[in-house]
Amino acid sequence: MAGRCASSLPGLRALLGARALTLGKWLLAGCLACAIGAAAAAPTAPPAAPKQNAKGPATATQQTKKDEGFQIAAPTAILIDSESGSVLFEKNADMLVPPASLSKLMTTEVVLNEIQQGRLKPTDEFIVSENAWRKGGAPSHTSSMFVPIHSRVSVADLLHSVVIQSGNDACIVLAEGIAGSEEKFAEMMTARARELGLPKSTFGNSNGLPDPKQLMTARELAQVARQIIRTYPDYYHLYGETEFTFNKIRQLNRNPLLTMNIGADGLKTGFIKEAGYGLVGSAVQNGMSLIVVVNGAKNDKERADEGKKLLEWGFHTFQSEILFAEGQAIVEAKVYGGERGSVPLMADRVVSLMVSKMAQNKLIARVVYTGPVPAPVEQGQKIGKLKVWRNDALVLEVPLRAAESVGTGNLSQRAFDAATELMIGLFRAGIGRL
């Protein structure tokens with residue numbers, strides 16, 4: 001019965017009406033209204049890939065960079081809008097690389113989630129094991145909190161160290177205290193990544209020291225940063241703290257963006273020889289909040305310069321436009337066996353997108369869902385996604401839910417829908433044999 005529905009008919013008026021023909025400097029093509037037959041149609045492909053050239057196929061990312069005339073030296077990078085999650089720039093953003101201390105963002109997220117769920121309190125204390133002291137403390141000659149062996153340290157102090165000092169010993173103490181061992185905590189990190197919708201990240205430890213399992217992409221690092229900013233406002237301020245003193249040892253925050261007068265308020269730096277120099281940064285200017293990730297820089301100066309360059313370019317080039325207001329119906333999804341033949345879909349929030357102030361934006365919007373949706377349908381039920389492409393690059397995905405409930409139809413309504421689906425199935429089978 002169900003097929004994959006991906007609405008994608010050309011024409012601006014089909015999407016937002018005549019008023020959408022010109023909105024600032026962007027144009028939007030695509031249709032968010034699925035016809036009855038669309039649900040049974042073959043999956044609609046994403047926008048056509050850029051043409052190949054003499055040097056090989058051009059990726060969507062390469063095309064975006066070429067169109068916008070912007071380049072950076074770092075081998076992997078991404079810039080996103082913190083509010084909407086829309087992508088402003090990316091370069092090899094889905095390449096798995098060792099994240100070094102940038103993976104401590106995931107460590108912090110797991111700890112903060114434990115606190116939010118009531119399974120952990122900031123006042124709880126954990127004992128510093130010999131393993132934590134030797135592997136991440138003073139004997140390790142790595143970034144450390146320098147906690148004394150066998151001492152007791154509060155979760156609050158350990159969090160301060162992880163965020164501000166990048167303390168490897170603090171990470172291990174937290175991991176052992178929460179999960180019993182760092183290995184089990186790493187499993188928690190990977191499982192939590194999947195819960196957050198991060199399909200690629202894997203973890204072998206809590207601190208980012210070299211480990212074959214410790215791999216993340218720039219895109220997923222940006223998503224973890226966005227999760228922390230939006231979900232834990234009571235703790236996010238720690239990333240903007242410039243120093244932390246513990247046991248009479250004062251250490252400065254390693255994030256160079258905090259002192260560059262660009263509105264930076266976080267987040268993390270990292271380095272191991274296998275990965276080079278990396279940075280996850282956040283900054284706010286005139287109410288606009290951006291998150292930048294660069295990894296693989298040659299030295300600490302390059303990562304700082306590249307991070308600042310990307311952020312300033314983003315603030316200078318983009319502005320936010322509202323596509324759909326909060327509570328606005330975006331599309332009608334076909335319902336099978338219901339008292340009504342369709343259900344309106346809506347997002348959980350205002351749907352906005354960062355668009356270029358400098359040039360015309362070529363956007364394609366599509367709604368994708370598995371349909372027709374079998375009745376009954378509950379209000380708030382997750383149905384599909386709104387996807388928006390800019391210059392062949394997917395820049396925004398927004399979950400869509402049923403705006404209303406639809407009950408099960410009577411016998412004649414269900415019979416009619418069954419006959420309709422049968423005819424569509426026969427039609428598709430005939431087309432497939434041509």
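This is a predicted model: local features need pLDDT of at least 70, side-chain atom pairs count only at pLDDT 80 or more; totals for chains, interfaces and linings use all residues.
Me: At what angle do the axes of helix α6 and helix α7 cross?

Reply: Helices (H or I, at least four residues) and strands (E, at least two) are DSSP runs, numbered from the N terminus. Axes are lines fitted to C-alpha atoms, for helices over the stretch in contact, and angles run from 0 to 180 degrees between N-to-C directions. Here the axes of α6 (residues 168-179) and α7 (residues 182-195) come within 8 Å and cross at roughly 85°. The two helices are therefore roughly perpendicular (65 to 115 degrees).

Me: Which residues make the contact of α6 with α7?

Reply: Contact means heavy atoms within 4.5 Å. On α6 the residues are I172, A175, E176, I178 and A179, and on α7 they are E182, K184, F185 and M188.

Me: How far apart are the axes of α3 and α7?

Reply: The axes of α3 (residues 104-116) and α7 are 10 Å apart, and the helices pack at about 85°.

Me: Is Y369 buried or exposed?

Reply: Buried means under 20% relative accessible area and exposed over 50%, with partly exposed in between (1.4 Å probe, protein chains only). Y369 lies in strand β18 (residues 361-371) and is buried, at 0%. The side chain of Y369 reaches the backbone nitrogen of K334 at 3.0 Å.

Terms used:
Residues are numbered from 1 along each chain as its sequence is written. Side-chain values use heavy atoms; hydrogens and water are left out. Angles under 35 degrees count as roughly parallel, over 145 as roughly antiparallel, 65 to 115 as roughly perpendicular and the rest as oblique. A polar contact is a pair of N or O atoms within 3.5 Å; within protein, one must be able to donate a hydrogen and the other to accept it, and residues adjacent in sequence count only if both atoms are side-chain atoms.
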